[in-house]
Each structure stands twice: as C-alpha cells, then as structure tokens.
Amino acid sequence: MGSGLSLFTNGSSSSPSRERDLLKPGLGDLPESCVALILEKLKPVEICRFSKLNRAFRSASWADFVWESKLPHDYRSILEKILGGFPEKLRKRDIYNFLSRVNSFDDGTKKAWVDKRTSDLCLCLSVKGLSVTGIDDRRYWNHIPSDESRFSSVAYLQHVWWFQVDGEIEFPFPAGTYSVFFRLHLGKPGKRFGWKVCNTEQIHGWDIKPVQFQIWTEDGQHSSSQCKLTEPGTWSHYHAGDFVVGKSKSSSTKLKFSMTQIDCTHTKGGLCVDSVIVYPSSCKDRLRRF
C-alpha cells in the first residue's frame, strides 16, 4: 500500500503502467480477518515475524483464535496451577507469552513453561522439592550454589551407604507422551580464576552397582531402568522412563519417580543432584541445551 501512495508524490503525470500498478492489490489491502486465517497456520515465531510487515498483519497477530490454537489444550488448568487462579481479561497472546516463559511455583521448587516451537509443556523440579534420604545431615549432603542450575543451587553428596531420591507431582499435563530425566553431575563443580573446574576426589561407588530409576502414574503406568553413573565433570540426563497422557483425560496426572542405589555393601559419594525434568518425548533431543 505504501508503494501505491508513493506514486502520487512522484509527479502529476501518470502512465498506463502506473495506472495498472495502482489497480494491483498488495499485502496492505488484505482484510484483517483473512490475514488472521493465514497467521493461524504459522508457528508462533513466524507469526511474530509477519506481524512486522504492516498494520493489517500487526493487528491480526493479536486475534484470540490465532493464539488459541498455539496454547496447550488445558492452558486454563496450567495457569491455575502456576498462579493459584485464572487471571481474567487476558488476551490469548498474553497468555501464550506468559506460558512460554519459565514460571516458578510451589515456593520456587518447580518451574513450568511451554516450548515455543511445539507448544508442548515442560516441567522441572528442584532437588529441594524432592525427598532425599539424609539430606538434612551435613555429614552426607550439602546444598552448594551453582550457576549451571535453573534453581541456582544443587545438592552435593559427600558419601552415604543408602542412596534414595523420591518425588511426586500432580499436574494437568496436556495429552501426549512424556519422558522423565534426572539431571546429575559426577564430581563437585566449581570455578577457579573464572574457569569451570570439577573436584573428583570424592567420586566413588557408582561403578560397582547400577542406580535404579523408576516412574509410576496413578493409572498404572510403570517404567524402570538401571545404569552405572559415568562421565565425571559433565551434567548428564539419566532417563527414568516415559508415560502417556490420553486425550480423554480431563484431570491432573499424578506422577511419582525415584532414583535408588541401596546396596549397603559399599558407600557412594561425589554426586550432584540438580533436578528432575519432565519433557515431551518429541523434544528430548533438546535436553543437551538445558
């Protein structure tokens, strides 16, 4: 449309070619309702890019039905869980913007957000929100600050005979398949002269017997896996199992999970426990950037 207006400022004379150009419709001539139908088919990132084209695209990018299709089906329940209630008079784009940020709840021990590419729900639980055997005994465990954690601190195990970490959550997961991971680090991470270092002196016991990971849901789903902990000095995601939320499910899903190594013939130590992550199975390849 702007190019059409510029034709009137280049002189009073006109030519047949210029008259034909004036009759050609441009993007600015599209009705806002038609533009909104186009934007509905795009991904959220693409919608934001196209909203910069002109006024029609910018206005259409705020249409509620455009963003309704990008929100999880249970977005009302998710907001109520995070905020303790549903805020009224919010436009759907505002709701999407809020959910696509990492939001803390339950005294900061849990974080939830919507993946910007797929609109799938992601969840992260701090070790402070888990039940850890002996966590209050400073002879065995310590909470240490870490800028590599979403929660700014991790639990560090010096040594213990009985290792057990349990947790549970009840949350309105949208329909889909989810994977559960424990985020762990062998060795005590730190910094020296601005460089990341890892103290491996206290690492022991994890190569003798495997650690067992398990998950359960209230509808009878159960998954179990075992592995020995290796790769000191790096944060690793250990897969505990998968669970499925059906499309017909209208209530919250109760999920339980555990990590154990309870063979008391030897001690184990030198391990950092950061969090438990519940991720859409289709997006788990992105955990490397977590």
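**Strands S11 and S14**

Strand S11 (residues 211–217) pairs with S14 in the antiparallel sense, over 6 bridges. Across this pairing, Phe-213 stands opposite Met-259 in S14. The model described here is predicted.

Both strands belong to an open sheet of 5 strands, ordered S4-S7-S14-S11-S12, with antiparallel pairing. Strand S4 (131–132) and strand S12 (222–227) are the edge strands, each pairing on one side only.

**Ser-258**

Ser-258 lies in strand S14, which spans residues 253–261. Is Ser-258 buried or exposed? Its relative accessibility is 3%, and because buried means under 20%, Ser-258 counts as buried.

Leaving aside residues up to four places away in sequence, Ser-258 touches Val-165, Asp-166, Phe-182, Gln-212, Phe-213, Gln-214 and Trp-216. One of these contacts, Phe-213, is the residue that stands opposite Met-259.

**Helix H7**

Helix H7 covers residues 75–83, and its buried residues include Tyr-75, Ile-78, Leu-79 and Ile-82. Viewed down the axis of H7, the buried residues fall within an arc of 95 degrees, so they line one face of the helix. An α-helix has 3.6 residues a turn, so residues three or four places apart point the same way.

The cover over the buried residues of H7 includes helix H6 (64–68) and helix H8 (92–99). Strands also contribute to this cover, among them S1 (103–105), S2 (110–114), S3 (121–126) and S7 (163–171). Strand S7 is also a member of the open sheet, where it sits between S4 and S14 in the order.

Just after H7, Gly-84 takes a positive phi of about 80 degrees.

How values were computed:
Residues are numbered from 1 along each chain as its sequence is written. This is a predicted model: local features need pLDDT of at least 70, side-chain atom pairs count only at pLDDT 80 or more; totals for chains, interfaces and linings use all residues. Side-chain values use heavy atoms; hydrogens and water are left out. Helices (H or I, at least four residues) and strands (E, at least two) are DSSP runs, numbered from the N terminus. Buried means under 20% relative accessible area, exposed over 50%, partly exposed in between (1.4 Å probe, protein chains only). Contact means heavy atoms within 4.5 Å. Two strands pair if DSSP finds at least two bridges between them. The arc is that of the directions from the helix axis to the C-beta atoms.
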